[in-house]
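Subject: Structure handover and findings

Hello,

Here is the structure I promised to pass on. Please open it first, then read the notes under it.

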Amino acid sequence: MVRELSELADCTVLVGPEHTDGIRQWQASANRAGLQFIEVGEPRWGLLAKGHRVTWFLLYLRWLHSANQIGRQLHREQPFDAVCHVSYSTYWLPSPATDYDVPSVWGPVGGAVTTPLRLWPLLGWRGVWDEILDRVSVRMMSWLPATRRTWQRASVCLIQNEATLARLPASTRSRAAILNHGLLLEVPTVPRNAPGNHCLYVGALESRKGPRLAVRALAHAPEDVRLVMVGNGPERGALLRLARRLGVADRLELRGALPRSEVMNLLARAAAAVFTGLREEGGIALAEAMAGGVPVIVLGHGGARVLAETAKDMSRMEIIEPGNVEETARRIGDAMKRFVRQPSLTTTSNLDGSHARGLLREKFAAVLGLPAGQ
């Protein structure tokens with residue numbers, strides 16, 4: 001988003017400390033005038049807060065307060081023409097960006113995708129509790145007066161997916177556009193090797209990512225199909241037990257967390273990448289697989305569906321409609337079989353972000369009062 005905005009105007013960007021090193025590397029090669037990054041620090045308890053999603057949100061709110069103080073000081077010294085808040089994908093949190101008395105861009109936001117009821121048996125008791133808690137807390141937070149003011153005041157609202165768009169009032173939807181942040185992704189090219197007989201799952205081993213669905217799908221695939229799972233999480237033990245019960249433990253490999261370079265190499269050798277997110281707002285890992293030209297099997301739900309439907313070559317994309325658990329697992333297993341036995345040798349990117357970048361540029365230009373097509 002900064003790349004597009006900085007081509008239209010001078011840009012000051014407030015960022016968290018975890019991004020500083022990567023930004024410095026990018027700045028060294030980008031050489032863009034009129035673009036400055038200001039690091040906004042975190043409290044001492046910040047590292048501890050990142051151990052759980054709830055405390056991470058609390059840390060984010062604390063960081064946002066600090067960033068707003070710096071932003072207001074800068075605004076007093078030299079007023080901004082517009083303020084953009086690239087949020088933490090949550091439509092139910094308020095944004096200070098709409099309180100500067102200048103045009104504002106809010107998003108892309110998500111936060112409304114929920115697990116299809118027919119797939120709830122995949123969650124386990126802990127996952128069901130998390131699902132219920134999330135639904136209740138999100139609805140309550142969305143009624144905060146500050147959140148409602150954000151919806152009313154934002155000049156442009158960028159929304160990750162249809163589920164989130166439907167949660168907003170009609171007056172806000174009229175100023176909204178669906179733009180999934182995964183479509184703005186740019187990744188280094190990794191040479192695609194001759195595909196092996198493994199399908200690759202990349203993601204946290206958490207109930208909301210649907211790893212149990214991927215293991216159940218393996219049971220519906222023939223014996224020459226393997227599944228490699230990259231990531232850690234509380235579901236690891238349950239996945240091993242499920243694999244033994246289904247008789248596929250010898251075809252399942254849990255690799256844990258790996259360096260990015262190793263993940264990309266595994267992806268380059270995979271027959272297909274499998275994405276079973278039960279409530280996925282965006283899907284960076286999905287976008288990376290598509291950008292790498294790898295065939296993809298994706299549950300057609302939430303933000304993952306938005307990304308999948310932009311594929312340039314649908315022969316390398318299998319969108320699985322959610323049904324009941326066994327029906328959905330069988331469809332994924334059939335797709336795994338097809339990609340293993342009929343490997344794709346095409347290596348070009350299957351991610352088309354041109355429309356998303358054009359839409360983003362159009363919205364930025366409108367907020368800045370620039371002529372159409374600027």
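Below is what turned up, topic by topic.

Keep in mind that this is a predicted model.

**Aromatic pairs**

The count comes to 4 aromatic pairs. Take W26 and F37. Their ring centres are 6.3 Å apart and their planes stand at 90°, so this pair is edge-to-face; the angle cut-off for that class is over 60 degrees. W26 belongs to helix α2 (residues 20-30), while F37 belongs to strand β2 (residues 35-39). The pair therefore ties together parts that are 11 residues apart in sequence. W26 has a relative accessibility of 25%, so W26 counts as partly exposed. F37 is also partly exposed, at 21%.

Another pair is F57 with W92. Here the ring centres lie 5.4 Å apart and the planes make 55°, so the pair is tilted. F57 is partly exposed, with a relative accessible area of 21%. W92 is buried, at 11%. The cut-off for buried is under 20%.

**Charges over rings**

Two cases to look at here. The charged end of R72 sits over the ring of Y100, 4.6 Å from the ring centre. R338 lies over the face of F339, and the distance to the ring centre is 4.2 Å.

**Cysteines**

How many disulfides does a search of the whole structure find? The search finds 0. C11 shows why: the closest cysteine sulfur to its own is in C84, 8.0 Å away, which is too far for a bond. A disulfide needs the two sulfur atoms within 2.5 Å. C11 is buried, at 6% relative accessibility. C157 is in no disulfide either. For C157 the nearest cysteine sulfur is again that of C84, at 11 Å. C157 has 0% relative accessibility and so counts as buried.

**Helix packing**

How do helices α9 and α10 run relative to each other, roughly parallel or roughly perpendicular? Helix α9 covers residues 211-219 and helix α10 covers residues 236-246. They pack at an angle of about 20°, with their axes 10 Å apart. Angles under 35 degrees count as roughly parallel, and α9 and α10 are therefore roughly parallel to each other. The crossing of α9 past α10 is right-handed.

L242 lies in helix α10. This leucine is buried, with a relative accessible area of 5%. L242 and L227 are 15 residues apart in sequence; their C-alpha atoms are 14 Å apart in space.

**Backbone points**

Most residues other than glycine have a negative phi, and most peptide bonds are trans. Two places are worth a look against that background.

The peptide bond from G107 to P108 is cis. Its omega is near 10°. P108 is placed in strand β4.

D101 has a positive phi, near 60°, and is a residue other than glycine. You will find D101 in the loop between β3 and β4. D101 is exposed, with a relative accessible area of 77%.

**Sequence separation and distance in space**

A30 is in helix α2. A30 and R3 are 27 residues apart in sequence and 9.3 Å apart in space. A30 is partly exposed, at 23% relative accessible area.

M141 is in helix α5 (residues 124-141). M141 is partly exposed, with a relative accessible area of 26%. M141 and R341 are 200 residues apart in sequence, and C-alpha to C-alpha they are 48 Å apart.

Best regards

Conventions
Residues numbered from 1 in each chain as written. Predicted model: local features only at pLDDT ≥ 70, side-chain atom pairs only at ≥ 80, totals over all residues. Heavy atoms only, no water. Phe/Tyr/Trp six-rings, centres within 6.5 Å; stacked < 30°, edge-to-face > 60°. Helix = DSSP H or I, 4+ residues; strand = E, 2+ residues; numbered from the N terminus. Buried < 20%, exposed > 50% of the residue type's maximum accessible area, 1.4 Å probe, protein only. Lys NZ or Arg CZ within 6 Å of the ring centre and 35° of its normal. Axes fitted to C-alpha atoms, helices over the stretch in contact; angles between N-to-C directions. Parallel < 35°, antiparallel > 145°, perpendicular 65-115°, else oblique. Left-handed = near helix turned anticlockwise from the far one by under 90°.
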